[in-house]
Amino acid sequence: MKSLYSSAALSASLLLATAGFAAPPKETISDGVVKIGVLTDMSGVYSTLGGKGTQVGVEMAVKDFGGKVLGKPIVVIGADHQNKADIASAKAREWFDNEKVDMITGLLNSGCALAVQKLGGDKHRITMNTGAASTELTNGAWTPYSIHYVYDTYALGKVTGQAVVQTGGKSWFFITADYAFGQSLEGNTALFVKKLGGKVVGSVRHPLSSADFSSYLLQAQASGAQIIGLANAGGDTINAIKQAREFGIGQKGQKLVGLLIFDTDIKSLGLNVAQGMQFTSGFYWDRDNATRAFSKRFFDIHKAMPTMDQAGAYSATMNYLKAITAAGTDDPDAVMAKLKSMDISDFFAVNGKIRVDGRMVHDMYLMEVKKPSDSKGEWDLLKIVKTVSGDEAFMPLSESTCPAVKK
Amino acid sequence: MGMSFQTVMSQVMLGLNNGVFYAILSLGLAVIFGLLNIVNFVHGALYMLGAYVALLGFTMLGPLLGRPDFHLNYWAALIVAPLVVGALGVLIEKTMLRRLRKFDHLYGLLLTFGLALIIQGVFTNYFNVSGDAYDGKPEVLSGVVDLGFMLFPKYRVWVIGISLVVCFSTWFVIERTKLGSYLRAGTENPELVKAFGINVPLMITLTYGFGVGLAAFAGVLAAPIYSVSPVMGSEMIITVFAVVVIGGMGSIMGSILTGLLLGMVEGFTKVVYAPASGTVIFLIMVIVLLVKPAGLFGKEA
Amino acid sequence: MNRYVWLALVALGLLAPFAVYPVFMMKLLCFALFAAAFNLLLGYTGLLSFGHAAFFGGAAYVTGHLVKNLGLTPELGILGGTLFAGLLGYLVGSLAIRRQGIYFAMVTLALAQIVYFLALKLPFTGGEDGLQGIPRGLLFGLIDLNRHVTVGSTPLPLSLYYFTFALFCLGFWVIYRAIHSPFGQVLKAIRENEPRARSLGYKVERFKLIAFVLSSALAGMAGAMKCLIFQLASLTDVSWHTSGEVVLMTLLGGVGTVLGPSAGAFTVVTLQSQLTMVGPWITVIIGGIFVVCVLVFRRGFVGELGRLLRRSL
């Protein structure tokens, strides 16, 4: 108890001592430096699709921008949150409190993303999320300083679900990872399946990181559904697809649809197993000359083609720096105002704009995995089947529960 | 919930398929525990290592030797992986575990826990955590067979068959042969066995090597089914521990049967209430501990 | 131990937030208490629990739920979390002490997995995202734990820090008293020679269970503190990696020493925060420390130091 009293006494005396301070004069660049933090999974299950590659993206953007903004240096720092929300939150807190980090990007994994975004809101610092999927980030967990840049479960479910139903896949069975992300992916997809006259005949929830999917696949097969929707991610999706092929599921009549797949997953599966699968992505390196030019430069540094998270981190950083220049200050409120009013247009974001809820809407792509015979190289994995405009792909503001959206 | 004969039989087959992995792994743990009194926490990592020997032997060994079209084939991997991992086991036993023999057995658990972290960490650093595909499955084992009630992949039939053969041969050697009797006696009374002219330390080393070799064997069997990833073992090992507690660690046959049984129980859970399938084995463990603390096949300590 | 040493340590604790980043310092305190509680079991009773994260994390979730969803004040939240962990410890302990040695370790590990499953599945836990945005609230309804006091130009969360420090001291004192009481002597007797303790007429099971409950309740208090500091409870807190980490902290600092586990916790947490950029190598480094400790360093560094100084630390 003693220390409690002393705490109170100490607080009181310090308060008196500091009360006389006036607010410091406003600088254009706070602390004389713009610091960008890349906080993401650099060692865990998502490290191949985010990880160091995300930091490479950010560093490339800073270099391309010239290394300085408004005459002040730009510094990039990175850390591994190991997919643990507590490490993410501790690191972000330290960055905001001690390192004077102005903006954090990356933030794969919804748990880490929610924790850091909340903290950013409390401390008035910008978070530009390129990695996590949860729509919560632009709804209930929205802050005036949060931007969700690349994709979310709503867009993935809608684009894939609509496309599949429109080409005749009317009845669905879901194999869903039994946690919030999987459930929201299933929910969003099912919504559009039903809207277009399709039906959901059943679903099964499996624990996260299951090794064996044969039982679930047989249940899906027995349901007689035309489409088996995989509402999971990473290793789970890969194992499910692989084992479906083993049991001969998904070849005659039934079709497998993965709802969240990254280029790196396809690489891990091999074209032989994955061919013909459709899914939605926010970026593909081989879309046009601009994406190819960027991706080639990225490849030279990182030895792999960029994923949507990594390319998105480049674009987010670039636009953040542009917004600082336009605002003439790195003051978070001024920068956010600029970001939300300017056009976001580069090789990554086509027809992009940042809405009031922090959602960056831009074109999304329905992808299909190539046949092995059509692939001309190690990274020639996918083709774009359809381009869906951002306004069509992402959740309309009328459905949003974001506090900033006036109803 | 009504289940047709067809559903029941297919789930039995799938359960058996998972069960043989539990059986081989818990068998290896039981063999090691029987002679060394050590809970081998590194078992899961060595299972993963076995799978990687198969994968890398298939993809990287050729290029490494300057002969790009050379692939270590599946059948060779089934022999090579247990030998490589067994040799590593011998090394671990000779250089580290041996020095702990005179201390509390808990140190063996802690040491192997540390080794598991090291091996897993190294592989995480160099390989894709979401896993790589193993393409070396032999042509003979591709495709499915019609079992009457379901189409079952040929490869899985092979896995079930060979695993049962390996498990029961191990049981036979340990429980029914002279070599086995030395092993069992070595646990009870090392001095006596020494008097028979048996090199006990060597016997212990080789037993450890054999136990972890079994894990590597299971790893190779798993490679074509699951994706080969650095975390495949750490996800498995905790469940296998529960299997071992349920069966009682003293018994070789007990560990095999419990493994098979729990594989099937888990299989049925996937039909009845899938989200609990990851936990059902732990719940059974609680019940067994309440009713029969020494485990289903264990002798009272 | 010398009273001046204690006074010096307390003084250091009181001054620490002005020298070290306070949030980091508070994290150190949480893990130091966690390891000290764990050591009560491993070091003084000879029981290796490999599932202590269940109490640490379980209490974090319960405290978070009480404070965030039911609007309780922080001290009641922490009390609730601590009681919950003690109760859970009673359940787990009753089952686990039916087995000894290595079996005990595996049973606790497996039971902790059930807690992990519950933390993932129960409606209030937030699933894989964890319980987020837990308010720190007003201590006793009066003192705002979120209040920062500006010293120089840095705002310091002093009220939260001193609250944490006070709880740490309380927990540590309880452990210290338990070890140096007749109860602690019986525990040590059980550790040294269980059959002998039994033949002396001690109800060994009951003593083990009490030690287990005490240890889990205090581990829970550490988890509850952490939940208020970071304002979240996550699956990491209940995962078996956390259970392994606390074993490492205790082993590294010195099993069965009073200060060892806390020193070990300081070392491991500092390493982890300094090494966030080495990526997966952190696992390798931690594993390596484990191996070296077990092979050549079984007393831990405080234990070795104590041997050099020929006194118990």
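**Exercise 1. Which strands does helix α8 (residues 234–246) of chain A lie across, and at about what angle does it run to β10(A)?**

Before we start, note that this is a predicted model.

Step 1. Find α8 of chain A and look at the strands it lies across: they are β7, β9 and β10 of chain A.

Step 2. Follow its direction against β10(A): the angle is about 170 degrees.

Step 3. Now turn to helix α7 (residues 214–223) of chain A, which lies across β7, β8 and β9 (227–231) of chain A. Its angle to β8(A) is about 170 degrees.

**Exercise 2. Work out the order of the strands in the open sheet of four strands in chain A, and find its edges.**

Step 1. Reading across the sheet gives β8-β7-β9-β10 (chain A), and the pairing is parallel.

Step 2. Look for strands that pair on one side only: these are β8 (199–206) and β10 (255–258) of chain A, the edge strands.

Step 3. From one strand to the next, the twist averages 20 degrees.

Step 4. Zoom in on one pair. Seven bridges link β7 (residues 171–177) of chain A to β8(A) in the parallel sense, and A177(A) stands opposite H206(A) in β8(A).

**Exercise 3. Explain why strand β14 (residues 364–369) of chain A is described as largely enclosed, and identify its partners.**

Step 1. A residue is buried here if 20 or more other C-beta atoms lie within 10 Å of its own.

Step 2. Five of the six residues of β14(A) are buried, so the strand is largely enclosed by the rest of the structure.

Step 3. One partner is strand β11 (residues 278–281) of chain A, paired antiparallel over four bridges. Here F279(A) has M367(A) as its bridge partner.

Step 4. Another is strand β15 (residues 382–388) of chain A, also antiparallel, with six bridges. L366(A) finds its bridge partner in K386(A).

**Exercise 4. Describe chain C and the side of it that touches chain B.**

Step 1. Count the elements: chain C has 14 helices and four strands.

Step 2. Its radius of gyration is 19 Å, close to the 20 Å that the globule rule gives for 313 residues, so chain C is as compact as a globular protein of that length. Buried residues account for 58% of the chain.

Step 3. At the contact, chain C brings 35 residues and chain B brings 36 residues. On the chain C side, α5 (101–121), α11 (240–253) and α13 (281–296) each supply at least two residues, with α5(C) giving the most, 13 residues.

Step 4. Sort that side of chain C by type: 23 nonpolar, eight polar and four charged residues.

Definitions and conventions: Residues are numbered from 1 along each chain as its sequence is written. Chains are lettered from A and ligands numbered from 1 in the order in which they are written. This is a predicted model: local features need pLDDT of at least 70, side-chain atom pairs count only at pLDDT 80 or more; totals for chains, interfaces and linings use all residues. Two residues are in contact if their C-beta atoms, placed from the backbone, lie within 7 Å. Ala, Val, Leu, Ile, Met, Phe, Trp, Tyr, Cys and Pro count as nonpolar, Asp, Glu, Lys and Arg as charged, and the others, Gly among them, as polar. The radius of gyration is taken over C-alpha atoms; the globule rule is 2.2 Å times the number of residues to the power 0.38. A residue is buried if 20 or more other C-beta atoms lie within 10 Å of its own, exposed if 12 or fewer, and partly exposed in between; C-beta atoms are placed from the backbone. Two strands pair if DSSP finds at least two bridges between them. Axes are lines fitted to C-alpha atoms, for helices over the stretch in contact, and angles run from 0 to 180 degrees between N-to-C directions.
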